[in-house]
Amino acid sequence: MDVDLIFKIAGLGIIISILNQVLVRSGRDEQATMTTLVGLVVVLMLVVQKIAELFELVKTLFEF
Amino acid sequence: MSYFFRIAAVGMIAAIWILLIRKQNADFALLLSIACMVLVLIGALTYLQPVVEYIHQLQNLCQLNTEVLAPLFKTIAVGIVCQIVTGVCADAGEQALAKTIELCGTIVALYVSLPLIKAVFSLFDSILQGG
C-alpha cells in the first residue's frame, strides 16, 4: 500500500496553509489565492491518478 | 491478515491529519480523505482477486454459462463505485448529488441485470409452454 501519498497530501496541505497565512498577512491576497489554487490542482492530479487506477482495477476485476 | 491492521493504522493516522488540515483548508481535507479511501480500496480489491478466480473455477466446474455470472459481477462493480462516490459527495456536503448518484447506480444495476431477468422469464415461459 502506497502510504506515502497520504503523507504527501497532508504535508502539501500544511505547507500551503502556512504559505497562505504568510501571504495574507503581508497583504498579498491575490498571490495567496493563486498559491492555494495551484496546490489544490497539484494534489488533485495526484488523487485523480489514484482514482483512475482504482476504477481500472474494478473494471478489470469484475470484467466490466 | 496483517494488511487489515495496516489499514486500521493508516485510517487512524489519516483521520488525525484530516482533523488537523480541515481547520485551515477544508478542500485539502476532502482530497486527503479521498486519497486514503482509494488507497485502502485498491489494496482490498487485490485481495478480492483470488475470490473472483475461485468463483470462475466453480463456474467452470458447474459448466455454468458466462452470461449468468457476468451481471452479478457487474452489479458488484456498480455497487462499489456507487458507494465510494456517494460517500465522497456526502462528505463534500452535496447530499442531493449523492442521492442522485445513488439513484443512477440503482438504475444502472437494474439495466445490467436485465439479461438475467429476461433469461429467467424465458425459462418460465418455456416451462409453462412445455407443460
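Helices in this account are DSSP runs of H or I that hold at least four residues, and they are numbered from the N terminus. The model described here is a predicted one. With helices numbered in this way, Gln63(B) falls in the loop between helix 2 (26–62) and helix 3 of chain B.

**The loop residue Gln63(B)**

- Gln63(B), which sits in the loop between helix 2 and helix 3 of chain B, has a positive phi of about 50 degrees although it is not a glycine.
- Most residues other than glycine have a negative phi.
- Gln63(B) counts as exposed, because its relative accessibility of 71% is over the cut-off of 50%.

**Helix 2 of chain A against helix 3 of chain B**

- The crossing in which helix 2 of chain A passes helix 3 of chain B is right-handed.
- On the side of chain A, the contact is made by Leu54(A), Phe55(A) and Val58(A) of helix 2, while helix 3 of chain B contributes Ala77(B), Val81(B), Ile84(B) and Val85(B).
- When the residues of this contact between helix 2 of chain A and helix 3 of chain B are divided by type, seven are nonpolar, and there are no polar and no charged ones.

- Side chains of opposite charge can pair when their charged atoms come close.
- Over all chains, a search of the whole structure finds two salt bridges.
- One salt bridge joins the side chains of Glu53(A) and Lys50(A), with a distance of 3.4 Å from N to O.
- Glu53(A) and Lys50(A) are separated by about one helical turn, because they are three residues apart in helix 2 of chain A.
- Within this pair, Glu53(A) is partly exposed, with a relative accessible area of 40%, whereas Lys50(A) counts as buried at 13% relative accessibility.
- Lys59(A) forms a salt bridge with Glu56(A), and the closest N and O atoms of this pair are 4.0 Å apart.
- Both Lys59(A) and Glu56(A) lie in helix 2 of chain A, where three residues, or about one turn of the helix, separate them.
- Lys59(A) counts as partly exposed at 41% relative accessibility, and Glu56(A) is partly exposed with a relative accessible area of 45%.

- Leaving aside neighbours within four places in sequence, Ser17(A) is in contact with Gln24(B) and Asn25(B).

- Apart from neighbours within four places in sequence, Ala98(B) is in contact with Thr86(B), Cys89(B) and Ala90(B).
- Ala98(B) and Ala70(B) are 28 residues apart in sequence, and the distance between them in space is 27 Å from C-alpha to C-alpha.

Note on methods:
Residues numbered from 1 in each chain as written. Chains lettered and ligands numbered in written order. Predicted model: local features only at pLDDT ≥ 70, side-chain atom pairs only at ≥ 80, totals over all residues. Heavy atoms only, no water. Left-handed = near helix turned anticlockwise from the far one by under 90°. Helix = DSSP H or I, 4+ residues; strand = E, 2+ residues; numbered from the N terminus. Contact = heavy atoms within 4.5 Å. Nonpolar A, V, L, I, M, F, W, Y, C, P; charged D, E, K, R; others polar. Buried < 20%, exposed > 50% of the residue type's maximum accessible area, 1.4 Å probe, protein only.
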